[in-house]
Amino acid sequence: MSKSLISTKHLLGIKYINKDDIDLIFRTADNFKEVINRPIKKVPSLRDITIANLFFENSTRTKLSFELAEKRLSADVINFSASSSSVKKGETLLDTVNNILSMKVDMVVMRHPAPGAHHFLAQHIDANIVNAGDGTHEHPTQALLDAFSIREQVGSLSGKKVVIIGDIMHSRVALSNIFCLQKLGAEVKVCGPATLIPKHIGKLGVSVTHNIDEALQWCDIANILRIQLERQDIKFIPSLREYALYYGVNKQRLDKVNKDIIIMHPGPINRGVEISSDVADSDQSIILQQVENGVAVRMAVLYLLAGRAGIKTVN
Ligand code: CP
């Protein structure tokens, strides 16, 4: 019998959930994807539940996708952006969150620049916490929507070859994807300049190449990441121009590969740097399908965590 309860109260990272949890999230997301493609896209599942979206770092996709997921589930939603808040007057993370929770908030979705901020919060508050990205650590819902999108294209991920290309060192998407893809049985390789690949990444069971053409020839799926200049206080590459020359995925490179690989990118994309427009906008690219699937996947995560916490969901 397939299980219907997720094993965790919070979604702090993919590291802390198991394959059964991921399969359950995907099955639930399948149902919600069907819902959000109906003329009436809303269900009452989280009616009377209040969710706070706390963004201490910029976001377009994740913030709007969570907000839409919450609204499609009929939750009440409040949005907090650190840049226009009393954080600017010196208020701490815990004081900020406790003040928001005292307004009878049930769940917290948070993006924070500090790796581990969500673990810290989980030790101090009762509400469910969903990690919407913590610094260079994890971005679990991105990895879930990425894997869900691959599954939609190829079925089971077991035995599929996925290469993650780019700034692996500073990427929370890379780490969450590695955990998620491996739990689903995929083979993972990382590719990029040596300065942007953590020295001990092999310990996670991934292989490494610095040769983009070899990586593209090897894989079934290429997940391309941007260079995270905002997290680099020293220069890791000589210039973006040189990066584009040696690691940019463009049509010329893809034409040399003797199969149609699936092209992914979590966004935001930097056209002409890590990916060219003719690749980003090609039929091989599923970048916008990833964004579309993010809403259904986040609906599933919120719904399942609410159920696990004993919050009464409406079926
Ligand atoms: N993929 C992603 O996290 O995008 P945003 O930073 O726009 O949320």
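Reader: What distance separates the centres of domain 1 and domain 2, taken over C-alpha atoms?
Author: This is a predicted model, in which local features need pLDDT of at least 70, side-chain atom pairs count only at pLDDT 80 or more, and totals for chains, interfaces and linings use all residues. Residues are numbered from 1 along each chain as its sequence is written, and side-chain values use heavy atoms, without hydrogens or water. The chain divides into domain 1 (14-138 + 292-308) and domain 2 (140-291), with bounds from an automatic or database domain assignment. Taken over C-alpha atoms, their centres are separated by 25 Å.

Reader: How many residues does the contact take from domain 2?
Author: Contact means heavy atoms within 4.5 Å. Domain 1 gives 33 residues to the contact. From domain 2, the number is 28.

Reader: What area is buried between domain 1 and domain 2?
Author: The size of an interface is often given as the accessible area lost when the parts come together. Here, buried area is what the two parts lose on being put together, summed over both, with a 1.4 Å probe. Carbon and sulfur atoms give 62% of it. The area is about 2,600 Å².

Reader: Which residues of domain 1 lose the most area to domain 2?
Author: Three residues together account for 25% of what the domain 1 side buries. They are Ile-14, Phe-26 and Arg-61.

Reader: Where does the largest cavity lie?
Author: On a 1 Å grid over the protein atoms alone, a cavity is a set of points where a 1.4 Å probe fits but cannot get out, and lining residues have an atom within 4 Å of a point. The lining includes Arg-61, Gln-142, Pro-266 and Arg-298. Both domains give residues to the lining of this cavity, so the cavity lies between domain 1 and domain 2.

Reader: What is the volume of the largest cavity?
Author: A volume is the space filled by probe spheres set on the grid points, which are joined across faces, edges and corners. The count comes to 1 cavity of 30 Å³ or more. The largest cavity holds about 60 Å³.

Reader: Which helix gives the most to the lining of the largest cavity?
Author: Helices (H or I, at least four residues) and strands (E, at least two) are DSSP runs, numbered from the N terminus. Helix 2, helix 5 (140-154) and helix 11 each supply at least two residues. The most, 4 residues, come from helix 11.

Reader: Which elements give two or more residues to the lining of the largest pocket?
Author: A pocket is an open set of points with protein on both sides within 12 Å along at least five of seven lines. The largest one has about 400 Å³ of space. Its lining has 20 residues, with Asn-58, Arg-111, Arg-172, Arg-226 and Pro-268 nearest the centre. The elements giving two or more are helix 2 (61-72) and helix 6 (172-183).

Reader: How many charged residues are in the lining of the largest pocket?
Author: Ala, Val, Leu, Ile, Met, Phe, Trp, Tyr, Cys and Pro count as nonpolar, Asp, Glu, Lys and Arg as charged, and the others, Gly among them, as polar. The lining has 4 nonpolar and 9 polar residues. Its charged residues number 7.

Reader: What is the volume of the second largest pocket?
Author: Its lining includes Ser-4, Leu-24, Tyr-303 and Thr-313. Helix 1 (19-36) and helix 11 (287-308) each give two or more residues to that lining. By class, the lining has 5 nonpolar, 5 polar and 2 charged residues. The volume is about 160 Å³.

Reader: Is His-112 buried or exposed?
Author: His-112 lies in strand 3 (residues 107-112). Beyond four places in sequence, its contacts include Phe-56, His-118, Asp-134 and Arg-172. Buried means under 20% relative accessible area, exposed over 50%, and partly exposed in between (1.4 Å probe, protein chains only). At 14%, His-112 counts as buried.

Reader: What is the relative accessible area of Leu-196?
Author: Leu-196 sits in the loop between strand 6 (187-191) and strand 7 (207-209). Beyond four places in sequence, Leu-196 contacts residues including Ile-168, Ile-227, Phe-236 and Ile-237. Leu-196 is buried, with a value of 0%.

Reader: How far apart in space are Leu-73 and Met-169, C-alpha to C-alpha?
Author: Leu-73 is in the loop between helix 2 and strand 2 (76-81). Leu-73 and Met-169 are 96 residues apart in sequence. In space, C-alpha to C-alpha, they are apart by 36 Å.
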